[in-house]
Amino acid sequence: MPKIRKPDWLKVKIPSSPEFYSVREILDRRGLNTVCKEARCPNMAECFQAKTATFMILGDTCTRNCLYCNVRHGRPGRVDPGEPQRVADAAGELGLKYIVVTSVTRDDLPDGGAEIFSETVAALRREIPGCRIEVLIPDFHGDVQALKKIIAAGPDVINHNIEVVARLYRAIRPEGGFDLSLNILGKVQVSGIVTKSGFMVGLGEDWEDIIELLKKLSAAGCRIITIGQYQQPTSSHWPVEKYYSPEEFQLLKEAALSIGFRKVESGPLVRSSYRAAHIVSFK
């Protein structure tokens, strides 16, 4: 199939501001990874210039190989017990008050890395009193005890991305589970912690697939949703089937709000952590 030409609204400027380089220097100096850089997020320049970043803990190598993701996959290195404190120190140096923490998937660890998530939340609370923390977690293969560790740590928001519609899930995320992810969101909602999820469009889904997904997420108790355009990182990744227009993203936002979501961020360049502090401001 011939490659679809990328529309103008998806083209972003190359980062060049002093703020961008300042944030990158702080993160590099402390040996920290960000999903911004590892996943080639198109909003990296905007976020770095606003002195925000999504910290990616547990290394930079994922044990899974989802067909949409540009994060390195393979055999990860050892867990670094000093990483939680370095994240807290960097967040403090950057003057952050809303911090997002995510990770690669670590199926090689007994708890999937839940303990390091917990320690990172604790370090941030200790170093930056009054900060708000969002964690974007993997599925931990459905390990209830691992999820309980995350909930007990007390983040303000727990985000778990569903990523793609049900019909395409097995093909694009063969090592995950659609119902498993819905179950995780349901357990988070019962805990009383703000529940958030996100997904991409442009992978071959149709409107009915999207509406079905939104209804299932809503039924699971999810009240915050991000919807963004899938962009193929390399030729070996899943191809883009369609580029949605800004007007279509507005229609998706209206559909999500009508189904019952409290906050919706929907747009071509939206990613799960995009304007995260703003999107959870209803609490």
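# Exercises on helices and their packing

Helix α8, residues 178-191, has 14 residues and reaches 21 Å from its first C-alpha to its last, close to the 20 Å expected at 1.5 Å a residue. The model is predicted.

**Exercise 1.** State which residues of α8 are buried, and what covers them.

*Solution.* 
- Step 1. Apply the cut-off: buried means under 20% relative accessible area.
- Step 2. List the residues of α8 that pass: Phe-178, Ser-181, Leu-182, Ile-184, Leu-185, Gly-186 and Val-188.
- Step 3. Look for the cover. It includes α6, β5 (157-159), α7 (166-172), β6 and α9.
- Step 4. Go past the end of the helix. Just after α8, Gly-192 has a positive phi of about 95 degrees.

**Exercise 2.** Describe how α8 and α9 are placed, and which residues join them.

*Solution.* 
- Step 1. Pick the two quantities. Two packed helices are described by the angle between their axes and the distance between the axes.
- Step 2. Read them off. The axes of α8 and α9 come within 9 Å and cross at roughly 40 degrees.
- Step 3. Name the arrangement. That angle makes α8 oblique to α9.
- Step 4. Find the partners. From α8 come Phe-178, Leu-182 and Leu-185; they meet Leu-213, Lys-216 and Leu-217 of α9.
- Step 5. Sort by class. This contact of α8 with α9 has five nonpolar residues, no polar ones and one charged residue.

**Exercise 3.** Do the analysis for α5 (residues 114-127) and α6 (residues 144-153).

*Solution.* 
- Step 1. Take the axes. Those of α5 and α6 come within 9 Å and cross at roughly 0 degrees.
- Step 2. Draw the conclusion. α5 and α6 are therefore roughly parallel to each other.
- Step 3. List the contact. Ala-114, Glu-115, Phe-117, Ser-118 and Val-121 of α5 meet Ala-146, Lys-149, Ile-150 and Ala-153 of α6.
- Step 4. Sort by class. The contact of α5 with α6 has six nonpolar, one polar and two charged residues.

**Exercise 4.** Work out where the buried residues of α10 lie around the helix.

*Solution.* 
- Step 1. α10 covers residues 246-259 and has 14 residues. The helix reaches 20 Å between its first and last C-alpha, close to the 20 Å expected.
- Step 2. List the buried residues of α10: Phe-249, Leu-252, Ala-255 and Ala-256.
- Step 3. Look down the axis of α10. The buried residues fall within an arc of 115 degrees, so they line one face of the helix.
- Step 4. Turn to the face away from the buried side. There sit the exposed residues Glu-247 and Ser-258 of α10.
- Step 5. Find what the buried residues of α10 pack against: β6 (194-201), α9 (207-219), β7 (224-229) and β8 (263-267).
- Step 6. Check what follows α10. Gly-260 comes next, with a positive phi near 130 degrees.

**Exercise 5.** Decide whether Met-200 is buried or exposed, and name its contacts.

*Solution.* 
- Step 1. Met-200 is in strand β6.
- Step 2. Compare with the cut-off of 20%. Met-200 counts as buried because its relative accessibility is 13%.
- Step 3. List the contacts, leaving out residues up to four places away in sequence. Met-200 touches Tyr-68, Glu-163, Val-164, Glu-205, Gly-228 and Tyr-230.

**Exercise 6.** Summarise the whole chain.

*Solution.* 
- Step 1. Count the elements: eleven helices and eight strands.
- Step 2. Residues 24 or more positions apart account for 73% of them.

Technical notes: Residues are numbered from 1 along each chain as its sequence is written. This is a predicted model: local features need pLDDT of at least 70, side-chain atom pairs count only at pLDDT 80 or more; totals for chains, interfaces and linings use all residues. Side-chain values use heavy atoms; hydrogens and water are left out. Helices (H or I, at least four residues) and strands (E, at least two) are DSSP runs, numbered from the N terminus. The expected span of a helix is 1.5 Å times one less than its number of residues. Buried means under 20% relative accessible area, exposed over 50%, partly exposed in between (1.4 Å probe, protein chains only). The arc is that of the directions from the helix axis to the C-beta atoms. Contact means heavy atoms within 4.5 Å. Axes are lines fitted to C-alpha atoms, for helices over the stretch in contact, and angles run from 0 to 180 degrees between N-to-C directions. Angles under 35 degrees count as roughly parallel, over 145 as roughly antiparallel, 65 to 115 as roughly perpendicular and the rest as oblique. Ala, Val, Leu, Ile, Met, Phe, Trp, Tyr, Cys and Pro count as nonpolar, Asp, Glu, Lys and Arg as charged, and the others, Gly among them, as polar.
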